Amino acid sequence: MKIDTIELRRIAMPLVSPFRTSFGIQTERDILLVRVTTPEAEGWGECVALLEPVYSSEYVDGAQQVMERFLLPHLFAQGDVNTTDVAPLLAPVQGHRMAKAALEMAVLDAELRLTGRSWAREMGGTVDRVPSGVSVGILDTVPQLLETVQRYVDDGYVRIKLKIEPGWDIEPVAAVRERFGDIPLQVDANAAYTLADAQHLAQLDAFDLLMIEQPLPEDHIRAHAELARTVRTPICLDESIVSAQSCVDAIMMGAVHVVNIKPGRVGGYLEARKIADVCAAHDVPAWCGGMVETGLGRAANAALAANPAFRLPGDISAAARFYARDIVTEPITVEDGHVRVPEGPGLGTMIDQAFLDEVTTSVTTHTG
Ligand code: NPG
């Protein structure tokens, strides 16, 4: 495909309620969208980088700048670009996986729309709906938490994930387990602990959790392997898995029992698919993480999670979990605890242009 233009658009999307994690409180998302146009098709990508470099080293202004200064010139330098060319073309630039992923996503969307192929088919999807889990932020009090979880249980979510941090872990988990019986439950620490907390974290073993996600810092792979020998709760890695190679390494070291796959974190949906294949080959269950995406990222994630390597419910909640109104015309909803896998070409979803324009804060258009 010949790329004519690449549009970088920033949108401001307020969240329906503040979302607190161990790395801060979010009340609004400042999201960078990518629109690629070719003579025959257009495609959309969504960059998951946050406003600040607190989840990982990337942040949204940085992602836009690295695209403009370094990544777009590499793409435009090539006459014809297919999706499989994008990662090799961008490889001279180190890191910046979220920025690269958004560009590859837009090219893949254009290519699939052009050829009438669905995202799910491209990801090796085999089902038409996937189970939906929800991620619950840190709250001020346990009664508030129980009320919030109750709402999500009433909405039909089939699995609850609680964000934890030192000072908000054993007590809230115990309270949710007691109130909601044997509901599938897991926790996510976003790297808030150290190996010195191993005995403390072992107290979570009493609550029969599906997993504890990313208890230790990103580069502490050996420490995760050690922790895995101290706690009985399965260890899941999120931030630590940045590529198929790092996934293989973590599995071989005994540092991970369950893998959270986030396409933005690993440089794109094609690498995410490779990680799914690694997990399947090693009989390690995978699930699809979320980065508070709009309907674009949510559609792609639902399609990725249709691949059979995804054996546990993902953070693929309804758009309404975070946003009062989505930028796509048919926002993802949860029915009977599941979301439908999009079927149409590409992302299988249409932009609500009027609303998109309303939330847009800037647009720059780039040509080769
Ligand atoms: O459902 O989209 C969602 C959010 C799921 O908790 C969630 N994501 O660490 O996994 C995470 C966390 C996150 C959110 C990370 C926003 C970074 C940004």
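Is Met 13 buried or exposed? In this predicted model, Met 13 is buried, as its relative accessible area of 1% falls under the 20% cut-off.

**Surroundings of Met 13**
- Met 13 belongs to strand S1.
- Beyond its neighbours within four places in sequence, Met 13 is in contact with Glu 28, Arg 29, Ile 31, Thr 294, Tyr 323, Arg 325, Ile 327, Phe 355 and Val 359.
- One of these contacts, Tyr 323, lies 310 residues from Met 13 along the chain, yet the C-alpha atoms of the two residues are separated by 7.3 Å.

**Nonpolar cores**
- The largest nonpolar core comprises 97 residues, and those with the most contacts inside it are Trp 119, Leu 162, Leu 204 and Ile 327.
- Helix H11, residues 269-281, gives the most to this core, contributing six residues.
- This core lies between domain 1 (5-117 + 350-367) and domain 2 (121-340), because both domains give residues to it.
- Leu 162 touches Val 136, Leu 145, Val 149, Pro 172, Val 173, Val 176, Leu 185, Gln 186, Val 187 and Asp 188, when residues up to four places away in sequence are not counted.
- A second, separate core has 33 residues, including Val 48, Leu 71, Leu 103 and Val 107.

**Helix H1**
- Helix H1 covers residues 60-77, and its 18 residues should span 26 Å at 1.5 Å a residue. The end C-alpha atoms are 24 Å apart, which agrees with that expectation.
- H1 bends by about 50 degrees at Met 67, and Met 67 is itself among the buried residues of the helix.
- Strands S1 (5-21), S2 (24-37), S3 (42-47) and S13 (360-367), together with helices H2 (83-90) and H3 (97-115), pack against the buried residues of H1.

**Helix H8**
- In helix H8, residues 221-230, the buried positions are Ile 221, Ala 223, His 224, Ala 225, Leu 227 and Ala 228.
- The elements covering these buried residues include helix H7 (198-202), strand S9 (235-237) and helix H9 (244-252).

**Salt bridges**
- The whole structure contains 24 salt bridges.
- Lys 2 pairs with Asp 4, with the closest N and O atoms 3.7 Å apart. Lys 2 is partly exposed at 44% relative accessibility, and Asp 4 is also partly exposed, with a relative accessible area of 31%.
- Asp 30 forms a salt bridge with Arg 10, the closest N and O atoms being 2.8 Å apart. This pair links distant parts of the chain, with Asp 30 in strand S2 and Arg 10 in strand S1, 20 residues apart. Arg 10 is buried, at 8% relative accessibility.
- Arg 325, a contact of Met 13, forms a salt bridge with Asp 352 in which the closest N and O atoms are 2.9 Å apart. The two residues are 27 residues apart in the chain: Arg 325 is in the loop between helix H12 (295-304) and strand S12 (338-340), and Asp 352 is in the loop between S12 and helix H13 (353-359).
- Arg 325 is partly exposed, with a relative accessible area of 41%, whereas Asp 352 is buried, with a value of 16%.

Notes. Residues are numbered from 1 along each chain as its sequence is written. This is a predicted model: local features need pLDDT of at least 70, side-chain atom pairs count only at pLDDT 80 or more; totals for chains, interfaces and linings use all residues. Side-chain values use heavy atoms; hydrogens and water are left out. Helices (H or I, at least four residues) and strands (E, at least two) are DSSP runs, numbered from the N terminus. The expected span of a helix is 1.5 Å times one less than its number of residues. The bend at a residue is the angle between axes fitted to the seven residues ending there and the seven starting there. Buried means under 20% relative accessible area, exposed over 50%, partly exposed in between (1.4 Å probe, protein chains only). Contact means heavy atoms within 4.5 Å. A salt bridge is a side-chain nitrogen of Lys or Arg within 4 Å of a carboxyl oxygen of Asp or Glu. A nonpolar core is a set of buried Ala, Val, Leu, Ile, Met, Phe, Trp, Tyr and Cys residues joined through side-chain atoms within 4.5 Å. Domain bounds come from an automatic or database domain assignment.
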